[in-house]
Every structure is written in C-alpha cells, then in structure tokens.
Amino acid sequence: MRRLLSSFRLKTALLALLLLLFANPSPLRAGEPEWVEVHSPNFSVITDAGEKRGREAALRFEQMRAVFGTLITQAKVSLPVPLQIVAFRNTKELRQVAPLFHGKPTQVAGLFQAGGDRSFIMLDMSDENPWTVVFHEYAHQLMNANLKEACDPWFEEGFAEYFSSIEVDGKQAQVGRVPHEDYLILQQVGMMKVADLFKVQHYSETYNDNGSNRTIFYAEAGMLLHYIYDHQLLPRVAVYFESRYNKQASIEDAMQQAFALTPAQFDRTLRDYVQSRRYRYYAIPAPAQISEKTYTSHALSKSDANAVIADIHLHSLDHHEQAVTEFQDVLKADPNNAAACRGLGYFYMEKQDYSHAAEYFQRASQFDSKDPRVHYYNALLMARQSGFSSTADLPSLTREIETSISLDPNFADSYDLLAFAQTASGDPAKALETMAKAITLDPRNENYRFNLAKIYLANRQVDKARSVLQGLRNASTPGIAASAESALRNMQQVEEEQQPQSNPTALTLVRRGDPEPARSSDTNTPFPAPEPAKWGAPIFIHGILQRVDCSTEPAAQLTVASGSKTLTLKVADTTHVILMGADHFSCSWSNRKVALNYRQNDSGETSVMSLELQ
C-alpha cells in the first residue's frame with residue numbers, strides 16, 4: 001500500500017480514502033416530497049428523504065474527507081470544483097437525472113457527474129446500502145484532485161470499487177474488504193479476459209449498458225485492484241500505462257512488459273486469486289471529533305429544489321436542452337430565484353447570446369451577491385465579449401474574479417481566468433503564479449496546461465512552453481492534442497524563419513468542458529486551434545464493413561452497411577483507433593461483421609472511436 005504509481009502521481013493516500021458507518025434506511029414519506037438542505041463544514045447535501053438521511057450523508061462525506069486528510073498528509077482534500085450532493089428518496093427520482101443509453105436511463109444507485117463549474121453526486125437513498133455508492137463516487141472526486149493524468153476505466157472504477165465496501169466501528173475502519181457479491185458475480189456469471197477488461201473505455205457498450213456485462217466489469221475491475229494492492233504491483237501499473245500510451249504498445253504487449261504475464265497467464269492468475277478468496281485488508285483509526293450535531297439544516301423550497309435538478313440537467317449532455325424550460329418554470333413560480341437566473345445566464349452564454357446572458361447574470365447578482373459562480377460568470381462573460389482586448393474592461397473583470405476567489409478560494413477556474421487577465425494587463429510573471437495555483441488545485445485539467453504554455457510564451461519562456469506542449473501531444477482531449485501539435489509546428493516555423501512572435505496579449509482562454517480550444521482572432525498566433533465543432537454523444541452500431549479506403553493515410557474511410565443505411569465513417573488515425581478482434585488495422589478488410597463507436601459533429605463530420613471485428 002505504500003508504493004507509488006509514479007507516472008500518474010498516485011499518492012499512497014489513495015489507498016485509505018473513506019469511512020463507512022452503516023445505518024438502516026428510514027421509511028420514505030408518501031405524497032409530495034419535502035426538500036431539505038444540510039450544511040456540514042465542507043459539504044452541502046439536498047435531499048427529499050428527510051433531514052436525518054441528509055445528515056447521515058453529510059456525515060459520511062466528512063468522515064471520508066477526514067480519513068483522507070489524516071492518513072495522507074500530502075494529498076488534497078479540497079476539491080477544485082464545487083460539489084453538490086443530491087440524495088433522492090427513491091429510484092424513480094434518480095432516474096430523471098441518469099444518463100441515457102440507447103434512449104433509456106441507465107440503471108444506477110448513484111452517479112457522479114463532472115462539470116466545469118460544478119460537479120454533482122446523486123444517490124438513491126432507497127437502495128439497501130447507498131453508502132457503497134457514496135464511497136465509490138467520492139473516490140472519483142479525490143482521484144481528480146490528486147492525479148495528474150486520466151486513467152483507463154478499469155483502473156479508475158477498480159480503485160473506486162476497492163474503497164466502496166469500507167467497514168467502520170467505533171474505533172477503526174477496515175479498508176479493502178471484498179464484497180461477497182463480487183465473488184458470486186465472478187464465479188456464477190463468469191469473468192472477462194483481462195485484455196478485454198483493459199480495452200473498455202467510457203464510450204464502450206460494456207461500460208454503458210444495463211446488463212450483466214457492466215456488472216462483471218465493475219466486479220472484476222475491483223477484484224483486479226485488490227490483486228494489485230495485495231501483491232504490491234502498483235509500480236507495474238505505472239509501467240503498463242507508460243508502455244501503452246507513451247510507447248504506443250498494444251494492450252497485450254503492454255500487459256506482458258508490465259506484469260511479465262501473457263494475457264492467458266494473467267487470466268489464469270486472476271481467476272486463481274478470485275477462487276482462493278484470500279485477500280488482505282487494512283485497519284486504520286477512525287476519525288475523531290466528527291459529529292453531525294454541529295450541522296445546520298433548513299427547508300428548501302420546491303423552486304430551489306427544482307433549480308438544482310435543472311442545474312444537473314444543464315450540465316448533462318443527455319438532458320441539456322430541457323434545463324431551459326425547467327429554469328423558466330422556476331422563475332414563473334419564483335421570479336427572484338437566483339439559481340434559476342444563474343442557470344439561464346450560463347445557458348445563454350454558452351449559446352453566445354451575450355445580451356440575454358448579461359441580463360440573467362445581473363438578476364442573479366441582485367438576488368444573491370455572495371454566489372462565487374455568478375461573479376465568475378460575470379468575469380467570463382466580459383472575457384468572452386472582449387477577448388481580453390479591451391483594457392477598459394480589465395479592471396472590472398479582475399474585480400469580479402477576485403470577488404469569486406474570495407468567496408471560494410478552491411475554485412480552480414477562477415485562477416485560470418485571473419491568469420489571463422493578468423497577462424492581458426501586462427503582468428505575465430504574476431499570471432504564471434496564478435496559473436500554477438489553478439494547476440495545483442486541478443492537476444488533471446489539460447486546458448490549464450495548454451493555457452500555461454500560452455503564458456510561458458507571453459513571458460518569452462519558449463523552452464518551457466515547448467516542454468508543456470510536447471507533454472500535451474497525447475492529451476486525452478482530442479482538440480487539445482491537435483492544438484498542441486499545431487502550436488509546436490508553428491513555433492518551429494517561426495524559429496526557422498526568424499520571425500517575431502505575435503502579440504503575447506492576444507490571448508484566447510481555453511476552459512474546462514470546451515469541446516475544442518477556441519480559435520484566436522489573431523491569425524498570427526502560435527496557438528491556432530481547430531474549428532470549435534460540437535461533437536455529439538458516441539453512437540454504437542453493428543453492421544458489415546464493406547470496404548476500407550486508405551488513400552489519405554494515416555486517416556481512413558470506412559464504408560459500413562448497418563440495417564437499411566450505408567455509412568461512410570472516418571478514422572482520423574489508423575494507428576491510434578481502438579481495435580478489438582484484430583492486432584493491427586488493415587486496409588484490406590472487406591465484408592466483415594463489425595461493431596463500432598463513432599461521433600458526429602455539427603458539420604456532419606464523423607470520427608470512429610473504436611472498431612471491433614466479430
């Protein structure tokens with residue numbers, strides 16, 4: 001447990017994240033739900049399952065946070081994005097915010113939804129033991145705050161599963177017990193091949209369906225992390241990721257390089273481990289001086305509760321559009337509802353309807369002047385309108401950001417925006433300090449690192465800018481990777497031609513959640529970005545791969561017959577597309593049964609994400 005995942009900076013702390021106290025669920029009330037908000041020192045929980053259950057949920061999160069901070073002194077317990085916990089009284093209510101797959105809500109007892117300005121954890125309090133979901137979802141948040149890079153789903157979900165069954169008594173917490181149902185699932189339903197487990201991505205059908213495949217994936221990912229921890233193999237996981245992504249090895253080759261096991265040997269080893277039922281768990285002291293007696297609570301109006309649900313929908317790809325109607329309905333019932341005004345302002349700002357955005361943000365400021373997000377949005381709106389080119393707006397913009405930071409000093413996006421304002425004001429050296437703060441708060445954010453490279457360039461620190469950009473060539477966000485590659489080419493061209501660099505204050509902010517980096521208005525900027533096309537959700541299809549056109553290598557065009565349709569789909573780079581059922585991409589494939597995931601943007605362009613030959 002004291003080993004490190006060096007390439008991903010996995011702290012030893014992450015092996016003892018959370019605490020668990022078991023409680024019997026209280027009976028649900030009939031009729032119209034009454035909402036209550038519970039505030040603990042570090043969390044906000046809203047629930048319609050009763051004040052007692054809300055206090056229990058807040059207590060569990062405070063316990064997790066305390067254990068994490070006590071045992072892991074170098075890890076961070078403050079999150080870079082505000083977290084809202086919503087504890088629904090039953091499954092039906094949770095389903096209204098669940099993500100859709102093939103048009104139907106996924107079946108979950110709880111879920112974590114990330115957002116650029118706010119994240120959400122949503123729970124089904126009618127579940128027999130919702131706290132396992134609490135621990136699982138909060139583990140994701142802690143990983144986001146402490147790891148620099150994103151990891152594959154098998155590792156992230158396995159890590160969260162590892163901590164989801166913690167048991168606590170009055171004196172200690174037991175970390176790392178294997179739930180009995182995991183044994184039953186893997187022994188009675190079966191196990192995936194480890195290589196197939198490693199191939200699952202967030203857009204994979206296995207990860208999103210409501211059937212046994214996803215159940216097996218979660219159980220086996222958790223069991224694999226138990227095996228890794230018990231055998232002190234965490235450093236070998238670092239070798240796997242290094243081989244897989246930095247050296248572009250296949251999954252099978254990376255497995256053998258990291259663990260000295262062929263895929264078949266790995267399958268047998270994990271199966272034997274599961275059947276042996278021999279695992280280790282660890283005892284840690286229970287946190288002291290945590291009591292829900294100090295928490296405050298108050299009744300929440302129906303309008304305020306509906307505004308929170310609308311806010312969840314606003315930050316969801318599947319429910320985004322319905323949020324507008326929901327916010328408007330809230331304002332009909334409560335014209336002074338600050339949260340609904342803030343939400344509509346955010347919606348219109350993202351639609352580039354700046355006049356309506358300004359109107360709603362102004363109303364939100366009048367109704368709640370202590371909301372840090374409203375001050376941040378006001379500053380962001382000014383930045384969007386002027387592009388940091390208007391020096392007259394900079395003092396007002398800076399005041400709004402500084403107010404936001406004073407109200408919430410852990411909100412990383414405010415520092416990111418402030419760094420750009422400082423650069424535009426002629427103080428790029430100060431901007432570097434501010435951007436470093438944003439990255440410290442949110443080390444996984446690739447947009448921040450891309451913005452850091454811009455500010456290094458404004459400081460004439462070309463070598464440091466180049467180093468950051470080189471590290472972003474393999475970014476998980478395709479737009480960031482493409483822009484980093486383009487920026488490096490342009491920097492080389494500028495140096496070869498010995499041309500002066502463009503105006504360092506002609507800056508374009510890249511934010512968390514942007515589908516692609518925004519294009520700068522300065523055509524000579526060394527950071528050109530692709531058009532900000534909006535990509536839709538992944539689409540999964542079965543069909544017949546009729547032919548492959550590789551005339552534009554490394555790209556390829558696939559002609560796929562699916563049902564009554566014949567689709568022409570693009571593979572951006574045949575050396576990087578995820579393949580299943582084949583070791584290498586072949587331009588000679590024809591008349592092959594396939595299953596694939598692809599996206600389509602608002603310009604009609606397609607991009608194949610994974611391809612499975614069947």
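The model is predicted, so local features are reported where pLDDT is at least 70 and side-chain atom pairs count only at pLDDT 80 or more, while totals for chains, interfaces and linings use all residues. Residues are numbered from 1 along each chain as its sequence is written, and side-chain values use heavy atoms, with hydrogens and water left out. Helices (H or I, at least four residues) and strands (E, at least two) are DSSP runs, numbered from the N terminus. A residue is called buried under 20% relative accessible area, exposed over 50%, and partly exposed in between, with a 1.4 Å probe and protein chains only.

**Disulfide and cysteines**

- With a disulfide taken as a pair of cysteine sulfur atoms within 2.5 Å, the count comes to one.
- This disulfide is formed by Cys550 and Cys587, whose sulfur atoms lie 2.0 Å apart, and it links distant parts of the chain, 37 residues apart.
- Cys550 sits in the loop between strand S12 (539–549) and strand S13 (556–562), whereas Cys587 sits in the loop between strand S15 (578–580) and strand S16 (592–600).
- The torsion about the S-S bond of Cys550 and Cys587 is about -100°, and the disulfide is therefore left-handed.
- Cys550 is buried, at a relative accessible area of 15%, while Cys587, at 36%, is partly exposed.
- Two further cysteines are buried: Cys151 has a relative accessibility of 6%, and Cys341 has one of 0%.

**Salt bridges**

- Side chains of opposite charge can pair when their charged atoms come close.
- Where a salt bridge is a side-chain nitrogen of Lys or Arg within 4 Å of a carboxyl oxygen of Asp or Glu, the structure holds 17 of them.
- One of these joins Lys332 to Asp329, at 4.0 Å from N to O, and both residues belong to helix H13 (residues 322–333), where they are three residues apart, about one turn of the helix.
- In that pair, Lys332 is exposed at 69% relative accessibility, and Asp329 is partly exposed at 40%.
- Another salt bridge, of 3.6 Å from N to O, brings together Lys430 and Glu433, which both lie in helix H19 (residues 428–441), three residues apart.
- Lys430 is partly exposed, with a relative accessible area of 40%, and Glu433 is exposed, with 52%.
- Glu485 and Arg473 also meet in a salt bridge, at 3.0 Å from N to O; the pair links distant parts of the chain, with Glu485 in helix H22 (residues 478–497) and Arg473 in the loop between helix H21 (462–471) and H22, twelve residues apart.
- Both ends of this pair are partly exposed, Glu485 at 26% relative accessibility and Arg473 at 39%.
- Asp311, Arg342, Asp371 and Arg373 are linked in a network of salt bridges.

**A buried glutamate**

- Glu62, in helix H1 (residues 51–71), is buried, with a relative accessible area of 7%.
- With contact meaning heavy atoms within 4.5 Å, and leaving aside neighbours within four places in sequence, Glu62 is in contact with Ser40, Pro41, Asn42, Phe43, Ile290 and Tyr295.
- Glu62 and Phe43 are 19 residues apart in sequence and 7.6 Å apart in space, C-alpha to C-alpha.

**Nonpolar cores**

- A nonpolar core is a set of buried Ala, Val, Leu, Ile, Met, Phe, Trp, Tyr and Cys residues joined through side-chain atoms within 4.5 Å.
- The largest nonpolar core has 67 residues, and those with the most contacts inside it are Met349, Phe388, Leu397, Ile401, Leu417, Met435 and Leu469.
- Apart from this core lies another, of 50 residues, among them Ile166, Ala219, Ile251 and Ala258.
- Residues up to four places away in sequence not being counted, Ile401 touches Ala379, Ser414, Leu417, Leu418 and Ala421.

**Helix H15**

- The expected span of a helix is 1.5 Å times one less than its number of residues; for the 14 residues of helix H15 (residues 354–367) this should be 20 Å, which agrees with its end C-alpha atoms being 20 Å apart.
- The buried residues of H15 are Tyr354, Ala357, Tyr360, Phe361 and Ala364.
- They cover an arc of only 130° around the axis, which puts them on the same side of H15, the arc being that of the directions from the helix axis to the C-beta atoms.
- These buried residues pack against H13, helix H14 (338–350) and helix H16 (372–386), while Ser355 and Gln366, on the other side of H15, are exposed.
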